[in-house]
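Visitor: Hi! Walk me through this one, please, and keep it simple.

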Amino acid sequence: MGQEEVLFQEPFTNLDHWHLEGSKTVSISEPGTMRLECTGSQQGSVGCHAFCRENFADGIAVEYDLLVRESNGLVITFVAMRGLNGEDMIQNLPAREGVFRDYVGEDALLRSYHTSVSRYNDRGEHTGVSNWRRNPGLHLVGQGEDLCEEIGRRYAIRIEKDGGRCAQFVDGKAGPAFTDPDELPDEIPSSGKVGFRAIGSRVIADVSNFRVLRLAGGTAGEG
């Protein structure tokens, strides 16, 4: 299959490559670590968002380490996020308030896939499942076991996106995956931005070793 090419790597010495939305409670907690913190909210409401400013082509793998320190809520990773007409979500669309429906609702101006990890409810109870959804519309396209159950443990996350095929891996173990049947009237999400959402009554999540790679043999679509 060949070797995967590193397209982007983030040392997290600052947040220059990241666009913040919602509560904007994102910081460099220590060199090499981006911290997302959401307090006093609830699922569906205003969350803590950080989007990498780069646009990535289709056929990528997103890798990062995740350490959730407190979790009355969950962490979401978005891939292939851009406007319905191909707009850059940061430069060419109206500002968003961080409410979930602005990113995924039926009337959202954005197209993407997203997947959840460390999925607890607002009371701090682990739900046991991890979802893949297609947006706009929050269409459930994949579901499986949430492999990020332990608070205070560092996990190595890998998310693959190649056309309508998406997969999640945790510490090398296969998590939820799917192949989109492409039965919706809208087009399949392709290229765009990668980003995070932390949401809940109390969530502290540390992201480190973030990088994006081109899948060997993957689609080479426009960024």
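Visitor: What kinds of residues make up the lining of the largest pocket?
Guide: The lining divides into 5 nonpolar, 5 polar and 3 charged residues. Asp, Glu, Lys and Arg count as charged, Ala, Val, Leu, Ile, Met, Phe, Trp, Tyr, Cys and Pro as nonpolar, and the others, Gly among them, as polar. It's a predicted model: local features need pLDDT of at least 70, side-chain atom pairs 80 or more, while totals for chains, interfaces and linings use all residues. Residues are numbered from 1 along each chain, and side-chain values use heavy atoms, without hydrogens or water.

Visitor: What volume does that pocket have?
Guide: About 190 Å³. Which residues are closest to its centre? Of the 13 lining residues, those are Leu74, Ile76, Phe100, Arg119 and Arg133. A pocket here is an open set of points on a 1 Å grid where a 1.4 Å probe fits, with protein on both sides within 12 Å along at least five of seven lines; lining residues have an atom within 4 Å of a point. The volume is the space filled by probe spheres set on the points.

Visitor: New topic: how many aromatic pairs are there?
Guide: There are 12. Tyrosine 64 and phenylalanine 196 make an edge-to-face one, 4.9 Å centre to centre with 85° between the planes. Ring centres must lie within 6.5 Å; planes under 30 degrees apart are stacked, over 60 edge-to-face, the rest tilted.

Visitor: Why does tyrosine 64 count as buried?
Guide: Because its relative accessibility is 1%, and buried means under 20%. Phenylalanine 196 is buried too, at 0%.

Visitor: Which residues form one aromatic cluster?
Guide: Phe8, Phe12, Trp18, Phe56, Tyr64, Phe196 and Phe210.

Definitions and conventions. Phe/Tyr/Trp six-rings, centres within 6.5 Å; stacked < 30°, edge-to-face > 60°. Buried < 20%, exposed > 50% of the residue type's maximum accessible area, 1.4 Å probe, protein only.
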